[in-house]
Amino acid sequence: MKPWLILLLVSTLACSVRAAVTLSPVFKDHMVLQRDRQVPVWGWAEPGQEINVKFGEQTKVTKADKDGKWKVVLDPMRASSDPDILRVSGQSTEVVKDVLVGEVWLCSGQSNMAMNVKGVDNAEKEMLGANFPLIRMFFVQSFTATTPQEQCAGVWQICTPKTVANFSAAAYFFGRELQQDLKVPIGLINSSVGGTPIESWTSLEAMQKEPRLHSLLKRWERDVELFEQPDNRAKNDLAKKQWQDAAKAALAGKQSPPPQPAYVGSDPLHAARPGNLFNGKIAPLVPFSIRGILWYQGESNAANGPLYAVQMPLLIHDWRARWGAELPFAWVQLPNFQKREAEPDAAANWARLREAQAAALKEPNTGMTVNLDIGDAGNIHPKNKQEIGRRLALWARAKVYGEKLEYRGPVYRSHEVKGGEVVIQMDHASGLKTSDGGAAVKGFVIADEMKRWQWADAHIEDGKVIVSHPAVLKPVAVRYAWANNPEVNLVNGSGLPAAPFRTDDWEMDNAGKTATK
């Protein structure tokens with residue numbers, strides 16, 4: 001074939017590809033659109049091309065801008081379980097089938113959000129009963145990127161006994177509770193990656209404006225620069241190629257892949273690098289219309305609770321700014337984990353992380369579930385995701401959908417020292433009791449002015465908790481559930497566990513142990 005003819009064919013093909021109308025990949029068969037809110041629909045086409053978008057009785061018309069981008073906004077719609085078609089037409093036509101209208105939630109975080117249904121308690125029974133065609137899940141299959149992406153990979157799946165095995169368990173059980181209560185379609189967007197810190201899910205733009213994160217960002221910059229040095233890059237690329245080949249062979253033989261090699265510096269695409277997962281797995285979803293956000297993460301940041309107290313509100317602000325709305329945002333407070341502590345003031349970095357999570361409740365329109373009764377000392381991935389989902393749904397039903405029900409356990413309100421006793425008053429404490437029916441409330445410690453902690457005696461009296469210890473004649477502080485794996489039993493009449501708290505503001509070392517000097 002002559003060179004000029006090849007050039008003509010390539011040019012013609014490029015023009016036809018650019019002329020074709022494309023939709024954002026989140027718009028696919030079996031999807032759910034958000035009810036009662038405006039619904040942006042967007043994609044790409046040849047600049048200046050007229051685009052017609054039709055859904056139900058609505059038709060919207062626009063033109064692709066100079067960069068080939070286009071967007072229309074559908075008017076708010078009522079929930080509908082009747083499948084409909086989303087049709088987008090220009091010089092070509094895109095058709096999205098089996099589209100429902102209901103409630104859509106973005107579910108994100110690390111491995112406990114990624115953990116699927118086949119790994120939970122009673123998995124076989126749960127999967128066999130998962131015949132819920134009005135529940136659909138979109139799994140964001142794209143991974144990291146060094147800049148914010150416009151597109152992602154993924155598919156919507158209808159919930160059936162065959163498909164549910166790989167659904168996010170926490171998201172699915174949340175969605176199941178909502179669907180059975182609200183009687184409308186539920187769409188769940190699962191964008192999660194195991195073993196990842198909060199900074200990878202926050203935009204670099206937002207973090208650069210926070211001085212307390214500058215040292216973290218600079219450390220990563222240095223590590224990436226080291227990785228990219230020519231000699232190091234060659235060594236790293238070879239090590240990665242050898243690992244990829246070995247991993248592929250292991251998986252083919254149904255064996256566990258070997259651990260990744262130790263690189264010189266840090267890979268620019270590392271899943272823990274600040275901003276990388278936001279770029280690849282969150283940015284492409286904006287501005288898809290959603291009701292709210294669920295977040296299950298923190299394990300990878302447990303070594304630095306005080307910094308997490310900065311990072312968590314920043315993430316909330318960042319994502320809300322992207323969607324341009326104060327979206328409901330709830331998270332799972334870390335459950336109990338690791339060996340039970342023998343000392344009343346043992347190192348407790350998970351307790352500090354939980355404190356940081358609770359502090360983020362100062363942000364409006366937020367919620368948090370307490371889960372100190374359903375963790376697993378020997379497994380960082382507790383299997384009772386059914387209760388995780390139920391508690392998240394209780395919050396949503398009460399605070400998002402306006403139902404009158406108790407959605408959280410007892411929460412510290414105030415305390416008063418009376419002689420050798422500390423009297424604790426709590427909110428959400430109707431029917432305050434112990435979960436085991438005993439008279440003793442477990443999980444309290446008490447300290448004197450020398451910061452000497454003792455396991456406390458505690459009991460319930462007139463709806464309050466009375467805390468004391470015979471060796472602490474002048475108590476100055478109490479803590480509840482201040483441990484990585486505390487033994488606790490304080491609940492309200494709805495059986496929801498009390499939130500951990502402390503009345504002191506004493507400094508701690510990096511491990512979460514009280515500093516006495």
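Visitor: Which residue with a positive phi follows H7?
Guide: This is a predicted model. Helix H7 covers residues 230-252. The phi of the residue in question is near 55 degrees. That residue is Lys254.

Visitor: What span does H7 reach from its first C-alpha to its last?
Guide: H7 has 23 residues. At 1.5 Å a residue, 33 Å is expected. The model comes close to that, with a reach of 33 Å.

Visitor: Which helix do the buried residues of H7 pack against?
Guide: Four names matter here: Asn232, Asn236, Ala247 and Ala250 are the buried residues of H7. Their packing partner spans 214-228. It is helix H6.

Visitor: Which residues of S13 point the other way from Phe329 and Trp331?
Guide: In a regular strand, side chains alternate between the two faces of the sheet. S13 covers residues 329-332, with Phe329 and Trp331 pointing one way. All of these residues are buried, on either side. Pointing the other way are Ala330 and Val332.

Visitor: What is the bridge partner of Trp295 in S13?
Guide: Strand S12, residues 292-296, runs parallel to S13. The two are joined by 3 bridges. In S13, the partner of Trp295 is Trp331.

Visitor: Which residue in S14 stands opposite Phe329?
Guide: S13 also runs parallel to strand S14, residues 366-369. Here 4 bridges make the join. Opposite Phe329 stands Thr366.

Visitor: Which elements give two or more residues to the lining of the largest cavity?
Guide: The structure holds 1 cavity of 30 Å³ or more. About 120 Å³ of space lies in the largest cavity. Of its 13 lining residues, the closest to the centre are Met368, Thr369, Val370, Tyr407 and Arg408. The elements asked for are S14 and helix H11 (385-400).

Visitor: Why is one side of S19 and of S24 left without a neighbour in the sheet?
Guide: The open sheet has 4 strands in the order S19-S18-S22-S24, paired antiparallel. Strands S19 (453-455) and S24 (501-502) stand at the edges.

Visitor: Which residue in S24 stands opposite Arg479?
Guide: Strand S22, residues 477-480, pairs with S24 in the antiparallel sense. That pairing runs over 2 bridges. Opposite Arg479 stands Arg502.

Conventions: Residues numbered from 1 in each chain as written. Predicted model: local features only at pLDDT ≥ 70, side-chain atom pairs only at ≥ 80, totals over all residues. Heavy atoms only, no water. Buried < 20%, exposed > 50% of the residue type's maximum accessible area, 1.4 Å probe, protein only. Pairing = 2+ DSSP bridges. Expected span 1.5 Å × (residues − 1). Contact = heavy atoms within 4.5 Å. 1 Å grid on protein atoms, 1.4 Å probe; cavity = no way out; pocket = protein on both sides within 12 Å on 5 of 7 lines; lining within 4 Å. Points joined across faces, edges and corners; volume = space filled by probe spheres on them.
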